[in-house]
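Trainee: Before I use the labels on this model, I would like to see what each one rests on. Can we go through them in turn?

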Amino acid sequence: MSTFLDWLAERAADRDRQGLRREVRPFKSGELVDLAGNDYLGLRRHPAVIAGAVAAAETYGGGAGASRLVTGTLELHEELEHALARLTGAPSALVLSTGYHANLAVLTSLADAETLIVSDAHAHASLIDGARLSRAAVAVSRHNDLDHVRELLAGRTQPRAVVVVESVYSVLGDAAPLGALADLSQELGAVLVVDDAHGLGVVGERGEGGAAQAGIIARDHVVVTVTLSKSLAAQGGAVLAHAAVRDHLVNTGRPFIYDTGLAPAAAGAALGALDVLATDAHLPAAVRANAALLADACGVDTPAGAVLSVTMPGPAEALAAVAVAEERGIRIGCFRPPSTPDGSSRLRLTAHADHGPEVLDHALDVLRGLVTRA
Ligand code: PMP
């Protein structure tokens, strides 16, 4: 009889055969140029962000100490919720521990066995997991295909429906047609959930995000989720929606109710980043300009936000390109099955507002070489 460790060794051997082994290793910033991470505005080490984290830890301690409904709601959480609502124009905000929790909370609270979830084929794992946990029936719509969304919504047997999309997709970096999706969802009696993780801080003149830029964030049937871990250089997540949605989540959202409140240092850091974003008005445009330069070097279309993606022939070629880039001082991302929605292997690159011409010129040079090699 094979043992537990035998079983694990077989799984590992399967991954190796397919060239899909993953490893975690520390990223030594300063040694490599980061074209893979999500610190889009380059604020992680900004003095205001660090000072916000330090001041919050000094005032409130290392952790929130309890779940939000017990004693874990801090004034700092409320301040952060108001600041997020102010930036985005959302009617209200609720902060959770991560963007992952925000998606789980929204989908498990808004969908049930009487609901059809129509989820875009490229939706993030946290949206897929939220849909599964909700016990709703799930139909996957072809990527950014409004006609397919219409067909699935119109043909449903469930009384309620939730459409699930991202504003800027996390792997391909393309944008959803949010205005048309909001209209279609309203027409067919569905709620529209928009994950704006990659839009906040990058999309819109002030970095207000994709849902705000599309003018849909204050509509009653639109629910937006964001993370504090990308442009806002901290950790945490939030739901931006009508106050009635916030109230519903406070009362029914298990990832909100049964989780400890967001750590003070994370909330303080995110508030610091929001302050910088409010004063350094050039940041969202700077990251988008750098993204356009990266896209040009790779021969792909200019992306909607900071993320761009280059298709490679297979996982081995993608890994080889990552290794060559690393030899030349650049960290780029690599997405292979099962992390890619369409089974392809891709290089995933991210632009950063703080990359000046010297850093970027070298990166562009390396990328031109890599893409030709592929
Ligand atoms: N949604 C999307 C689209 C994401 O890319 C991510 C982060 N990878 C998340 C949600 C989860 O956010 P967090 O890291 O705050 O849990």
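Trainee: What makes strand 2 (residues 92-96) mostly covered?

Mentor: In this predicted model, 4 of the 5 residues of strand 2 are buried. A residue is called buried if 20 or more other C-beta atoms lie within 10 Å of its own, so strand 2, with 4 of its 5 residues on that side of the cut-off, is described as mostly covered.

Trainee: How do you know that strand 2 and strand 8 (residues 237-241) pair?

Mentor: Pairing needs at least two bridges. Strand 2 and strand 8 have 5 bridges, in the antiparallel sense, so they count as a pair. Ser92 stands opposite Ala241 in strand 8.

Trainee: What is the span of helix 2 (residues 47-60), and what is it set against?

Mentor: Helix 2 has 14 residues and reaches 20 Å from its first C-alpha to its last, close to the 20 Å expected at 1.5 Å a residue. After helix 2 comes Gly61, with a positive phi near 100°.

Trainee: Which residues of helix 2 are buried, and why are they said to line one face?

Mentor: The buried residues are Val49, Gly52, Ala53, Ala56 and Tyr60. Seen down the axis of helix 2, they fall within an arc of 95°, so they line one face of the helix. The face turned away from that buried side carries the exposed residues Pro47 and Glu58.

Trainee: What do the buried residues of helix 2 pack against?

Mentor: They pack against helix 4 (75-88) and helix 12 (264-279). Contact here requires C-beta atoms within 7 Å.

Trainee: Why is helix 12 called largely enclosed?

Mentor: Of its 16 residues, 12 are buried, so helix 12 is largely enclosed by the rest of the structure. Among the buried ones are Pro264, Gly268, Leu271, Leu274 and Leu277. The buried residues of helix 12 pack against helix 2, helix 4 and helix 13 (283-298).

Trainee: How do you know that the span of helix 12 agrees with its number of residues?

Mentor: At 1.5 Å a residue, 16 residues should span 22 Å; the end C-alpha atoms of helix 12 are 23 Å apart, which agrees.

Trainee: What surrounds the ligand, and how do its residues divide?

Mentor: There are 14 residues around the ligand, and the closest are Thr98, Gly99, Tyr100, Ala197 and Thr227. The shell divides into 2 nonpolar, 10 polar and 2 charged residues. Helix 5 (residues 99-110) gives the largest share of the shell, 3 residues.

How values were computed
Residues are numbered from 1 along each chain as its sequence is written. This is a predicted model: local features need pLDDT of at least 70, side-chain atom pairs count only at pLDDT 80 or more; totals for chains, interfaces and linings use all residues. Helices (H or I, at least four residues) and strands (E, at least two) are DSSP runs, numbered from the N terminus. The expected span of a helix is 1.5 Å times one less than its number of residues. The arc is that of the directions from the helix axis to the C-beta atoms. Two residues are in contact if their C-beta atoms, placed from the backbone, lie within 7 Å. A residue is near a molecule or strand if its C-beta atom, placed from the backbone, lies within 6 Å of it. Ala, Val, Leu, Ile, Met, Phe, Trp, Tyr, Cys and Pro count as nonpolar, Asp, Glu, Lys and Arg as charged, and the others, Gly among them, as polar.
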